Amino acid sequence: MIRDQETLDQLVDMIRQFVEGVLIPNEELVAETDEIPVEVVQQMKELGLFGLTIPEEYEGLGLTMEEEVYVAFELGRTSPAFRSLIGTNNGIGASGLIIDGTEEQKQYFLPKLASGEIIGSFCLTEPDSGSDAASLKTTAVKDGDEYILNGTKRFITNAPHAGVFTVMARTNPDIKGSAAISAFIVDSKTPGISLGKRDKKMGQKGAHTCDVIFENCRIPASALIGGVEGVGFKTAMKVLDKGRIHIAALSVGAATRMLDDSLQYAVERKQFGQPIANFQLIQGMLADSKAEIYAAKCMVLDAARLRDAGKNVSTEASCAKMFATEMCGRVADRGVQIHGGAGYISEYAIERFYRDVRLFRLYEGTTQIQQVIIARNMIKDATR
């Protein structure tokens, strides 16, 4: 749902100019140094990018899902590292609080997340618990007015910079599966928290992940999100539905950038006395990419509008995430092929994007997990 088209157009245009004038020119520097320049981060704060989806009453911009999707289309056109830094504050790092937090928790944390004063991080994945999130082993044992956290979380986005963690932990060791999982909001400076070394990844330089280790970490009972035990897994799944639509939109943006670069290269590059864009086999790859991007964009917008209308979008979010991220991978592969040998050289952005977008098919639920969710929902509907 778009609340005011003119305001949204102004916001999207501002972000487009920022992407083209500041972020794209800094892509290579980020790739070389594995850091986003401090001055760029400050500009992102000043533009309100850390609070895009946080409600206005907590000092954010309060974008609807559809509005967020249009912003993600623009942010996807540059290195994923920039979006990743603000992504947890707007997505998985804050959504749990927005959806299920108490008013006191929202008042304390959300304005800080919206301004970028603190970075939020979402701790779900563990060394032995990834796609099977309901089997997580991190525990939160009640001890008077406190909980004692123990466990290790893995591949946690923005953990090296986090001011606060949303932590999924098992509050009843006697109950197996998701029913015993609760969600907590935890200050990163709490004694008993330590971080592993930064992960060295295939791509996405400048977007940092690492292990988060909790060793007899005491947190107040007030850190329990919503004040209710045993609903943390449901909170996580609601957070991921929203995140999947966002990643799908990001994939559309990245694919659009890669196709634009590939088209420009095909128009300029000459072989056999003419631009390679004149060759029908090149045209086929360009046309396939254009059509698939268009299809993914339509899916993403439809899923976003349904979510804004209050519908259960578990199936649609998974469909959009699965199709858009797989599409993005195919566009990346075609882009390298169109560039030929130049596509394998880091001088061209397509080489970096080829590695960067591979992660889209893994996080926030792998393609195979999306297939399982879609099929299970179909079967459930058919057997009611």
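Helix H5 (residues 80-90) is mostly covered, with 11 of its 11 residues buried; here helices (H or I, at least four residues) and strands (E, at least two) are DSSP runs numbered from the N terminus, and buried means under 20% relative accessible area, exposed over 50% and partly exposed in between, with a 1.4 Å probe and protein chains only. Among the buried residues of H5 are Phe-82, Arg-83, Leu-85, Ile-86 and Asn-90. The model is predicted, so local features need pLDDT of at least 70 and side-chain atom pairs count only at pLDDT 80 or more, while totals for chains, interfaces and linings use all residues. Residues are numbered from 1 along each chain as its sequence is written, and side-chain values use heavy atoms, with hydrogens and water left out.

On a 1 Å grid over the protein atoms alone, a cavity is a set of points where a 1.4 Å probe fits but cannot get out, and a pocket is an open set with protein on both sides within 12 Å along at least five of seven lines; lining residues have an atom within 4 Å of a point. Grid points are joined across faces, edges and corners, and a volume is the space filled by probe spheres set on the points. There are 2 cavities of 30 Å³ or more. The largest cavity has a volume of about 60 Å³, and H4 and H5 each supply at least two residues of its lining. Arg-83, Ile-86, Gly-87 and Asn-90 are among the lining residues, as are Glu-68 and His-246. This lining divides into 6 nonpolar, 4 polar and 2 charged residues, where Ala, Val, Leu, Ile, Met, Phe, Trp, Tyr, Cys and Pro count as nonpolar, Asp, Glu, Lys and Arg as charged, and the others, Gly among them, as polar.

The second largest cavity has a volume of about 30 Å³. Its lining consists of Glu-27, Val-30, Ala-31, Ser-79, Lys-205, Arg-352 and Asp-356, and helix H2 (27-33) and H11 each give two or more of these residues. By class, the lining holds 2 nonpolar, 1 polar and 4 charged residues.

Turning to the open spaces, the second largest pocket contains about 300 Å³. It is lined by 18 residues, of which Phe-73, Val-252, Thr-256, Ile-293 and Lys-297 are the closest to its centre. Helices H1 (5-23), H4 (65-75), H8 (232-268) and H9 (280-308) each give two or more residues to the lining.

Beyond its neighbours within four places in sequence, Val-69 is in contact (heavy atoms within 4.5 Å) with Ile-245, Ala-249, Val-300, Leu-301 and Ala-304.

Strand S7 (residues 209-220) pairs in the antiparallel sense with S3 (residues 146-157) over 9 bridges; two strands pair if DSSP finds at least two bridges between them. Thr-157 stands opposite Thr-209 in S7. Strand S6 (residues 193-195) also pairs with S7 in the antiparallel sense, over 3 bridges, and Ser-194 has Ile-213 as its bridge partner.
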